[in-house]
Amino acid sequence: MYNLKYDFKQYNEVMSVYMDVLVEKSTAQFQQQIRNGQVRNSEHDADALAGGIENIEEYLYYNFQKSPQTFNHILNSTMNKVKTISVLPKEERGIYGRTEVENQMIFINPDLRSSKNLTGEERTRLYMAHELGHVINDGWMKKVIEYCNQNIRQGRLTQEHAQLIYDGFSMLDEATTQDRAEDFVYEFSGKRRPQLAFYKNGRLFDGQPYQSNFDYYGELQEPATMFARTLRGIGKEENDMIALRMLSSRALSPNFFNSVLNEYSRDGQMPSFIKEVQYMGLLKRASYANFGYEDPSYLYNSNRYLQNLRSVTAQMRDYREPFVDGIDR
């Protein structure tokens, strides 16, 4: 049985069994990749794969300590949806990582270069955690799809508007997974996470600067933080990093989407909610257009989307405490 590095208390046995399965399937997949000629340096990639498997245990232990209330969901999501860790085939290493849901497999890139703050190995750990974050958020992203489909059937939303709502929550999915992954990798690397800094991208936001401390997807950090402050219990927080961390923590719950809907509905803010989330969806498309995956027109209009989102979220900023047991405080 797999020898755990960390003590998961009552979860130790189930963790050991899961890690055994992960090692067995990941090893078999790697051997198949060698036979298929998909590996450039087998020794280097084998070390990265072993590190990736260890990262799963690290990531789960981190959440075991930090998020005890949602750990059952985190553990079950990981065990049910991730059975194999694999290295990206050598010809696909222009990306940071990928998840194949149908094969219950996460691909890591063992060839990432160092950044200003992280080594290449630490960045591989970062994007492993990012992919795991999507696996966890999948619980509420499915509820977004159900909501959109139901409103299309009832004639309350057009297909295009529903798709924008989905894209808006997909933007939150990307931002919250990246935020949690950044916190995780810096803590496990024994480093202090950098403060927010200003960046410019000549294609996005008409070249206007935006704040971020993400390794990637930095253009989505401010929009996600704007949204965070429209929620009770977060809106009163002035520090951008803390406000986004609070949102990212809430997004660990499979009920995240329903809780957001409930709060907006009880406050009579659903029309504003639809408008706000659609701007977020347009910004997600602009982000993808920046990488060549969407129509460039979203890039040209990205600053207008951002300013419109800023205007809406400023009006909706909520300084109240969250609901507790149905009571408005």
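Biologist: Are F8 and F64 buried or exposed?

Modeller: Start with the term. Buried means under 20% relative accessible area, exposed means over 50%, and partly exposed lies in between (1.4 Å probe, protein chains only). F8 and F64 are both buried. A word on the source: this is a predicted model, where local features need pLDDT of at least 70, side-chain atom pairs count only at pLDDT 80 or more, and totals for chains, interfaces and linings use all residues. Residues are numbered from 1 along each chain as its sequence is written, and side-chain values use heavy atoms, with hydrogens and water left out.

Biologist: How many aromatic pairs does the whole structure hold?

Modeller: Two rings of Phe, Tyr or Trp (its six-membered ring) pair if their centres lie within 6.5 Å; planes under 30 degrees apart count as stacked, over 60 as edge-to-face, and the rest as tilted. The search finds 28 such pairs. Take F8 and F64: their ring centres are 5.7 Å apart and their planes stand at 50°, so this pair is tilted.

Biologist: Which parts does the pair of F8 and F64 tie together?

Modeller: Elements are DSSP runs, numbered from the N terminus: helices are H or I with at least four residues, strands are E with at least two. F8 sits in the segment before helix 1 (12-35) and F64 in helix 2, so the pair joins parts 56 residues apart in sequence. F227 and Y264 give a stacked pair, with 6.4 Å centre to centre and 10° between the planes. Here helix 6 (residues 221-228) holds F227 and helix 8 (residues 256-266) holds Y264, 37 residues apart. F227 and Y264 are both buried.

Biologist: Which residues do ring pairs link into a cluster?

Modeller: Among them are Y6, F8, Y11, Y59 and F64, and also F184 and F188.

Biologist: Where do charges sit over rings?

Modeller: The test needs NZ of Lys or CZ of Arg within 6 Å of the ring centre and within 35 degrees of the ring normal. The charged end of R98 sits over the ring of F107, at 4.4 Å from its centre. R123 lies over the face of Y96, 5.1 Å from the ring centre.

Biologist: What is the strand order of the sheet?

Modeller: Strands of a sheet pair through backbone hydrogen bonds, parallel or antiparallel. Here two strands pair if DSSP finds at least two bridges between them. This open sheet has 3 strands in the order 1-3-2, with mixed pairing. Strand 1 (84-87) and strand 2 (97-100) are at the edges with a single partner strand each, so one side of each has no neighbour in the sheet. Strand 1 runs parallel to strand 3 (residues 105-108), joined by 4 bridges. T84 stands opposite M105, and I85 stands opposite I106.

Biologist: Which way do the residues of strand 1 point?

Modeller: In a regular strand, side chains alternate between the two faces of the sheet. T84 and S86 point one way from strand 1, I85 and V87 the other way, and all are buried.

Biologist: Which strands does helix 4 lie across?

Modeller: Helix 4 (residues 120-153) lies across strand 1, strand 2 and strand 3, running at about 155° to strand 3. The axes are lines fitted to C-alpha atoms, for helices over the stretch in contact, and angles run from 0 to 180 degrees between N-to-C directions.

Biologist: Which residues of helix 8 are buried?

Modeller: An α-helix has 3.6 residues a turn, so residues three or four places apart point the same way. In helix 8 the buried ones are F256, F257, V260, L261, E263 and Y264. They span an arc of only 165° around the axis, which puts them on the same side of helix 8. The arc is that of the directions from the helix axis to the C-beta atoms. Those buried residues pack against several helices, including helix 4, helix 6 and helix 9 (270-290). Contact means heavy atoms within 4.5 Å.

Biologist: What does L247 touch?

Modeller: L247 lies in helix 7 and is buried, at 0% relative accessibility. Leaving out residues up to four places away in sequence, its contacts include L172, T176, F227 and F256.

Biologist: And what does A286 touch?

Modeller: A286 lies in helix 9. Its relative accessible area is 0%, so A286 is buried. Not counting residues up to four places away in sequence, A286 touches L204, Y298, L299 and S302.
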